Amino acid sequence: MNGARLTVRGQVQGVGFRPTVWRLANEMGLTGDVKNTGDGVVIQLWGDGVGVFSERLYAALPPLARIEDLDIEVINAPAPVSFGIAASHNSEMRGGVTPDAATCADCLAEIRSPYERRYRYPFANCTNCGPRFSIVTAAPYDRAKTTMEPFDLCGPCAAEYGAPEDRRFHAQPVACGRCGPNIWIEKLGRGAVNLEAFSMLDDVDATGGMIMNGHIVAIRGLGGVHLACDATNADAVTELRRRKSRAGKAFALMARDLDVVRKYCEVSDKEAEVLSSPQAPIVLLKRKPNSLPDEIAPGLDRLGVMLPYTPFYHLIVRRIGRPVIMTSGNPSGQPQCIGNQETRDRLAHIADFACFHDRDIANRIDDSVVRVDLGRERILRRARGYAPQGLVLPEGFAKDIQVLALGSEQKNTFCLVKDGQAIVSQHMGDLEDAATHADVAHNLDLYGRLYDHAPTVLAVDQHPQYLSTRRGFEMAGERPVIEVQHHHAHIASCLAENQRPLNAAPVLGIALDGTGYGDDGTIWGGEFLICDYSGYRRAGTFKPVALPGGAAAVKQPWRNAYAHLMAEMGWGEFSMNFADLEVYRRLNDMPRDTLNAMMETGTNTPLASSCGRLFDAAAVIAGIAWDAQNYEGEAAQLFEAAIEPAALDEPLDLAYPFSVPLSGGTGLPYIEPVAVWRAMLGDLVLKTPVGVMAARFHRGLANAIIAMAQRITHDTEIDTIALSGGCFQNATLFELVHQGLESSGLKVLSHSKFPANDGGISLGQALVALAASQSEEKICA
């Protein structure tokens with residue numbers, strides 16, 4: 001009797017997929033079996049209704065499952081008498097790990113019901129939710145190779161684990177209060193904890209009581225330790241900022257539910273959907289006026305908010321009807337703590353108390369950060385909930401070449417390519433920190449084992465001093481290393497996530513960021529590239545301007561303002577026309593002779609066509625920024641946050657007048673800001689509100705970018721624009737450019753699943769290297 005074999009690939013292991021198949025097959029009266037294999041999940045079916053089974057399967061998928069490919073073939077074999085779940089061999093189970101997932105509605109109902117045996121149990125989970133990547137130590141993904149291995153299942157949990165009809169069937173982290181991890185509170189420093197002062201219920205509730213009483217508490221969570229305090233208590237927030245040595249950078253918030261979020265922020269339907277999703281990221285929301293202390297996010301108009309995503313956090317904030325600061329548990333600039341003793345050692349000077357548990361965190365993973373722009377979810381930091389979910393390679397890419405791409409220096413990720421998928425790691429941070437560098441080494445080893453990955457080619461940034469580049473060459477041995485230009489990688493990343501085929505026509509890529517090593521040895525950062533995966537040609541740029549002091553100019557925005565003003569008008573014109581302005585007086589007090597000598601000789605003063613540095617200069621001239629930035633992009637973020645929304649609807653001729661002339665040296669068109677600085681300084685003389693100036697700058701720059709794109713694509717066959725780079729995380733600039741390009745008849749590709757910033761670089765590097773490898777193979781053949 002003929003049957004059918006279905007091979008299903010995607011996110012289908014460890015997510016309750018096989019029990020779903022089992023239930024559906026039995027409902028339809030089909031016989032056969034389902035099993036995990038190295039090639040995906042294989043389903044063998046016999047009986048009436050085989051033809052419609054796949055349609056019904058798509059409709060019945062469990063929440064975390066995702067089918068990317070489904071092959072069907074006819075098999076000629078005797079039909080079995082029933083349908084069962086076949087055993088999977090360990091050697092066949094090496095297929096990756098599902099991202100951690102937020103608590104599902106069923107588990108949440110259980111921990112809230114006093115009639116359930118998991119009432120108030122902070123580690124409840126099932127195949128639809130709970131820890132995955134954060135607890136895995138090796139492949140294959142089963143309990144013995146997770147940090148749940150020390151916890152033997154009790155009888156009731158074992159029965160659930162073994163029952164196909166139960167939603168905890170083969171849920172590796174399954175546990176209860178009898179057999180699973182435990183929680184306790186410690187006072188960091190000397191003295192005992194008087195729990196009754198905070199709660200008469202349990203340690204979890206006492207943690208919430210400590211927060212409501214103004215204390216700072218270290219909480220060991222899912223992928224790392226958080227520092228928590230009452231977000232409405234200005235004194236507690238200020239004290240946390242002081243103890244953590246975190247000047248300026250925004251704190252994330254956690255709120256009990258959407259009703260609490262809406263008291264303090266504007267929430268669209270799409271934003272509510274993302275907040276409540278299984279990924280449960282931090283979502284950047286427009287803050288309501290005077291709703292919370294400014295110290296939470298100084299000078300910014302958005303707050304990063306998330307909902308509880310573990311039973312632990314749901315129970316902690318259950319009776320807190322206001323937002324809670326939930327920021328990474330680390331001294332500023334260092335990786336997040338993950339261990340109990342590490343927390344005692346590193347956070348005793350920050351937190352008053354700590355809430356610990358005894359389920360180890362195998363893999364550090366930060367909270368993801370998302371913003372909704374133009375109706376789409378845009379990932380700004382890809383970590384918990386999203387990583388390490390794979391991306392199916394676009395059409396035309398080979399499945400038999402394995403690649404490892406080492407990413408960038410900042411916001412580092414790496415990318416593995418194998419079997420037609422690109423697997424991008426979680427965000428790990430800036431490699432200048434030695435502990436982050438070590439974390440990358442840990443994760444490279446882990447991913448290599450989880451995915452049985454043996455790369456034949458490596459890809460790195462072409463900047464010779466990047467630590468990621470050096471690591472790539474050190475790892476390569478005799479294997480080839482492909483150096484990928486930074487902005488080409490940005491655009492390739494955008495093409496990849498938009499499934500642009502390998503052999504598709506070139507696009508115009510617009511890559512705007514702070515720093516990238518250019519082909520001419522200068523710093524690029526405002527680039528218009530005609531490119532595909534296989535190559536690129538620079539077709540336009542921002543005006544190259546000196547960067548006095550190199551890295552110092554990145555941290556001190558006033559240096560960029562001085563360099564731009566001197567490049568555009570010189571000190572004579574500036575002093576003659578604008579000597580009464582505060583910006584003139586402050587720049588006049590700076591060591592101008594030293595800076596002038598550096599710029600004249602080129603000493604530690606590279607040229608930079610950087611959009612990021614342009615924003616720094618504008619923020620200084622507008623009076624928003626001056627001294628050393630507390631975090632990357634601070635000046636630009638403050639400048640965007642200052643925008644007066646009504647000013648975005650001013651007559652178009654009030655936008656600041658960037659021009660697009662041709663360079664006498666390279667012949668390339670470039671964006672020239674000289675008239676902008678004169679207009680901004682003139683507005684300062686007229687005492688124009690800063691919010692109006694910020695709006696005019698953003699509109700003017702967007703108009704120039706659109707004009708440049710139209711100029712380059714005019715009389716060509718290019719009809720598609722790809723937007724990438726960290727400056728496109730400026731929501732105002734992104735929306736103005738995106739909408740303007742579409743209005744001019746061009747198709748626009750942009751990021752959603754992967755960051756536009758350097759967190760997406762590794763994906764682009766990997767596909768550029770894969771394209772080059774395929775091309776090399778064709779030549780050799």
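Modeller: Asp 419 sits in the loop that links strand 18 (415–418) to strand 19 (421–424). The model is a predicted one. The phi angle of Asp 419 is near 55°, which is positive although the residue is not glycine. Most residues other than glycine have a negative phi, and most peptide bonds are trans. Asp 419 has a relative accessibility of 54%, so it counts as exposed, the cut-off for that word being over 50%.

A positive phi is also found at His 170, again near 55° and again in a residue other than glycine. His 170 belongs to the loop between helix 4 (155–162) and strand 6 (183–187). With a relative accessible area of 29%, His 170 is partly exposed.

Another backbone feature concerns a peptide bond. The bond from Ala 387 to Pro 388 is cis, and its omega is near 5°. Pro 388 is placed in the loop between strand 15 (376–381) and strand 16 (390–392).

A loop residue can also be buried. Leu 300, in the loop between strand 10 (282–286) and strand 11 (302–306), has 14% relative accessibility and therefore counts as buried, since the limit is under 20%. Apart from neighbours within four places in sequence, Leu 300 touches Ala 250, Arg 287, Tyr 631, Gln 637, Leu 638 and Ala 641.

Burial can be followed in a helix as well. In helix 16 (residues 570–578), the buried residues are Gly 570, Trp 571, Phe 574 and Phe 578. Viewed down the axis of helix 16, these buried residues fall within an arc of 140°, so they line one face of the helix. An α-helix has 3.6 residues a turn, so residues three or four places apart point the same way. The buried residues of helix 16 pack against helix 15 (557–568), helix 17 (582–588), helix 18 (592–601) and helix 21 (674–685).

Finally, there is a pair of helices. The axes of helix 11 (residues 434–450) and helix 12 (residues 467–476) come within 12 Å and cross at roughly 40°. Helix 11 and helix 12 are therefore oblique to each other, and their crossing is right-handed. On the helix 11 side, the contact is made by His 437, Val 440, Ala 441 and Leu 444; on the helix 12 side, by Leu 467, Arg 471 and Met 475.

Note on methods: Residues are numbered from 1 along each chain as its sequence is written. This is a predicted model: local features need pLDDT of at least 70, side-chain atom pairs count only at pLDDT 80 or more; totals for chains, interfaces and linings use all residues. Side-chain values use heavy atoms; hydrogens and water are left out. Buried means under 20% relative accessible area, exposed over 50%, partly exposed in between (1.4 Å probe, protein chains only). Helices (H or I, at least four residues) and strands (E, at least two) are DSSP runs, numbered from the N terminus. The arc is that of the directions from the helix axis to the C-beta atoms. Contact means heavy atoms within 4.5 Å. Axes are lines fitted to C-alpha atoms, for helices over the stretch in contact, and angles run from 0 to 180 degrees between N-to-C directions. Angles under 35 degrees count as roughly parallel, over 145 as roughly antiparallel, 65 to 115 as roughly perpendicular and the rest as oblique. A crossing is left-handed if the near helix is turned anticlockwise from the far one by less than a right angle, and right-handed if clockwise.
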